[in-house]
Amino acid sequence: LALLALSVMNVRHIENKTTTLTEEIEEAEELYRSGDSEGSAVSVQSPLKSWLGWETYSHIMLRHSEIDLVTDAYFGLLSEIESGDTVPEASFGALIEKLNDIVNKERVSLGSLL
């Protein structure tokens, strides 16, 4: 029961963190779509710093492959924004999807308990 309780707490923590990060990426996308590339880049840098600052926890509790995918997606998006080229909506969505995947993989299910 203790393991189950700790797993649920872990998932809640990950959900809260990824929700915050997702909201910040959505804000960055809105800024980009409104023509504010510079503001969008700054808005991506903030959650990127937060993501990187979460490293102590994430490297213990998450799969390293997932961490690398999210980190690469952040830097890729930031690079696209700063390049001056048109950034497809899919670039923002891909990062958000990778964040959501982490939560989905960490959720406790009947299969993970057996």
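Q: What makes Leu1, Leu4 and Val8 a nonpolar patch on the surface?
A: In this predicted model, Leu1, Leu4 and Val8 together have about 310 Å² of accessible area, a value that comes from the Shrake-Rupley method with a 1.4 Å probe, where for residues only the protein chains shown count as cover. A patch is made of residues with over 30% relative accessible area and no salt bridge, with nonpolar side chains (Val, Leu, Ile, Met, Phe, Trp, Tyr) joined within 5 Å and like charges within 9 Å; a salt bridge is a side-chain nitrogen of Lys or Arg within 4 Å of a carboxyl oxygen of Asp or Glu.

Q: Why is Val8 called partly exposed?
A: Buried means under 20% relative accessible area, exposed means over 50%, and partly exposed is in between; Val8 has 37% relative accessibility, so Val8 counts as partly exposed. Val8 lies in helix 1 (residues 2-33), where a helix is a DSSP run of H or I with at least four residues, numbered from the N terminus.

Q: How do you know that Ser43 is buried?
A: The relative accessible area of Ser43 is 18%, and therefore Ser43 is buried. Ser43, placed in helix 2, touches Glu24, Ala28 and Leu31, not counting residues up to four places away in sequence; contact here means heavy atoms within 4.5 Å.

Q: Why is Asp36 called partly exposed?
A: Asp36 has a relative accessible area of 32%, so Asp36 is partly exposed, and its place is in the loop between helix 1 and helix 2.

Q: Why is the pair of Trp51 and Trp54 called tilted?
A: Rings of Phe, Tyr and Trp (its six-membered ring) pair if their centres lie within 6.5 Å, and planes under 30 degrees apart count as stacked, over 60 as edge-to-face and the rest as tilted. The ring centres of Trp51 and Trp54 are 5.7 Å apart and their planes are at 55°, so this pair is tilted.

Q: What makes the pair of Trp54 and Tyr57 stacked?
A: Trp54 and Tyr57 are 5.4 Å apart centre to centre with 20° between the planes, and the pair is stacked. Ring pairs link Trp51, Trp54 and Tyr57 into a cluster.

Q: How do you know whether Trp51 is buried or exposed?
A: Trp51 has a relative accessible area of 2%, and so Trp51 is buried.

On the numbering and the values: residues are numbered from 1 along each chain as its sequence is written. Local features need pLDDT of at least 70, side-chain atom pairs count only at pLDDT 80 or more, totals for chains, interfaces and linings use all residues, and side-chain values use heavy atoms, with hydrogens and water left out.

Technical notes: Helix = DSSP H or I, 4+ residues; strand = E, 2+ residues; numbered from the N terminus. Buried < 20%, exposed > 50% of the residue type's maximum accessible area, 1.4 Å probe, protein only.
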